[in-house]
Amino acid sequence: MLAAGLRAGLWAGLRAGLRAGLRGGIDQGRVAQCRAPSNSFSRSHSLTQAAAHTHIEKSNVITEKIGTIITIGINRPEIRNAVNKKTAQHLLDAFTAFERDKSLTAAVLHGTGGNFCAGYDLKELAQVALPVKFEQDVTREPGPLGPSRMQFSKPVLAAVSGYAVAGGMELSLLADLRIVEQSAIMGVFCRRFGVPLIDGGTVRLPKLIGLSRAMDLILTGRPIGAQEAYEFGLANRIVPDGQALQHAIKLAEQISTFPQQCLVADRASAYYSTFNASSFTEAMQFEFDNAKHAILEEAIPGAERFSSGAGRSGIFT
């Protein structure tokens with residue numbers, strides 16, 4: 001009986017130990033299963049954070065193609081789109097690409113966040129080590145703001161909102177047309193800080209609005225609103241706030257529907273007579289030489305379309 005009792009006790013203990021071991025193994029497995037998602041989440045979260053970290057740096061210039069139109073946006077809204085050296089290079093790259101792309105017919109320059117551009121980033125300028133070495137030949141380097149010394153072969157429009165002042169106003173002068181929002185402010189604000197106009201402001205502004213009005217802005221540095229800019233000829237259209245970009249794109253699309261060889265030839269002749277021609281006769285000669293190819297390729301076919309009834313009564317289609 002003693003032996004039987006010992007055997008029974010040993011067997012009971014063995015079964016209890018096995019059950020405990022199994023329960024322990026199962027419980028540890030459950031714990032491991034519960035912990036696994038947590039560890040997996042942690043790794044996934046770390047990867048997500050790392051991926052997000054790699055995209056923190058935003059582009060200072062953003063571009064978008066809309067059909068044959070490209071929009072080029074200055075994207076430093078936290079400082080009213082003031083242009084630093086990096087942004088200037090990005091603007092230059094964007095406009096150079098526009099010039100080279102034969103599929104694009106027009107560009108629209110704008111600023112994000114409610115302002116066009118507040119000029120050059122003076123905080124960066126204040127940190128420039130002295131003495132500064134300048135390239136004397138303007139044909140060998142771009143302007144401080146990037147594309148300001150470029151001459152374009154295709155239409156460029158500016159969608160002006162908020163502040164377009166100092167170098168920002170100079171950038172707007174790159175455009176053939178300026179679509180300006182009602183609350184926009186323009187002016188040579190850099191007058192207050194002794195920063196000269198070296199991005200074409202003293203070259204383009206007198207040609208656009210006349211020397212007397214240009215001097216009013218250049219010497220006083222005073223701000224002008226959209227209505228006065230329109231009266232001066234600095235603004236070509238005034239639109240409600242928040243709508244300059246969409247109106248500029250629509251206008252660019254309209255311009256792009258016209259026969260392009262004729263359009264770019266006439267545009268080039270107008271610029272040549274304004275900036276390059278030394279005489280009336282030279283300007284007239286350039287106008288003819290520059291447009292004669294369009295007579296054969298677009299004017300004669302256009303006349304045929306008119307004869308067949310297209311475009312009657314001034315309809316633009």
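Predicted model: local features only at pLDDT ≥ 70, side-chain atom pairs only at ≥ 80, totals over all residues.
Look at β7, residues 185–187. Two bridges join β7 to β8, and the two strands run antiparallel. For a landmark, take Met 186: it stands opposite Ile 224 in β8.

Now step to the end of β5. Ala 166 is in the loop between β5 and α4. Its phi is near 55 degrees, a positive value in a residue other than glycine. Is Ala 166 buried or exposed? Its relative accessibility is 9%, and buried means under 20%, so Ala 166 counts as buried.

There is a second residue of this kind. Asn 81 is not a glycine, yet it has a positive phi of about 60 degrees. You will find Asn 81 in the loop between β2 and α2. Asn 81 is buried too, with a relative accessible area of 0%.

That brings us to β2, residues 69–74. Six of the six residues of β2 are buried, so the strand is largely enclosed by the rest of the structure. Go through the side chains. Ile 69, Thr 71 and Gly 73 point one way. Ile 70, Ile 72 and Ile 74 point the other way. All of them are buried.

What does β2 pair with? Take β1 to begin with, residues 61–66. β1 and β2 pair in the antiparallel sense over six bridges. Glu 64 has Thr 71 of β2 as its bridge partner. The two strands form a hairpin, with two residues between them. In that turn, Gly 67 has a positive phi of about 65 degrees.

β2 also pairs with β3, residues 106–111. Six bridges join them, and here the strands run parallel. Ile 74 stands opposite Gly 111 in β3.

Next strand: β6, residues 177–181. Four of its five residues are buried, so β6 is largely enclosed by the rest of the structure. Which strands does it pair with? One is β4, residues 156–160: four bridges join β4 to β6, and they run parallel. Leu 157 has Leu 177 in β6 as its bridge partner. Another is β9, residues 237–239. Three bridges join β6 to β9, again running parallel. There, Ile 179 stands opposite Arg 237 in β9.

On to the pocket. The largest pocket has a volume of about 1400 Å³. How many residues line it? The lining has 42 residues. Nearest the centre lie Tyr 120, Leu 125, Pro 144, Leu 145 and Ile 198. Several elements each supply at least two residues of the lining: α2, residues 85–100; α3, residues 122–125; β5, residues 163–165; and α4, residues 167–172.

Now the rings. A pair of aromatic rings is described by the distance of the centres and the angle of the planes. A search of the whole structure finds four aromatic pairs. One of them is Tyr 272 with Phe 286, and it is stacked. The centres are 4.0 Å apart, with 5 degrees between the planes. Why does this pair deserve a look? Tyr 272 lies in helix α9, residues 260–276, and Phe 286 in helix α10, residues 280–307, so the pair ties together parts that are 14 residues apart in sequence. Phe 286 is partly exposed, with a relative accessible area of 26%.

One more ring to click on: Phe 98. Lys 154 lies over its face, at 4.4 Å from the ring centre.

Last item, cysteines. A disulfide is a covalent bond between the sulfur atoms of two cysteines. How many disulfides does a search of the whole structure find? It finds zero.

Notes. Residues numbered from 1 in each chain as written. Heavy atoms only, no water. Phe/Tyr/Trp six-rings, centres within 6.5 Å; stacked < 30°, edge-to-face > 60°. Buried < 20%, exposed > 50% of the residue type's maximum accessible area, 1.4 Å probe, protein only. Lys NZ or Arg CZ within 6 Å of the ring centre and 35° of its normal. Pairing = 2+ DSSP bridges. Disulfide = S-S within 2.5 Å. 1 Å grid on protein atoms, 1.4 Å probe; cavity = no way out; pocket = protein on both sides within 12 Å on 5 of 7 lines; lining within 4 Å. Points joined across faces, edges and corners; volume = space filled by probe spheres on them.
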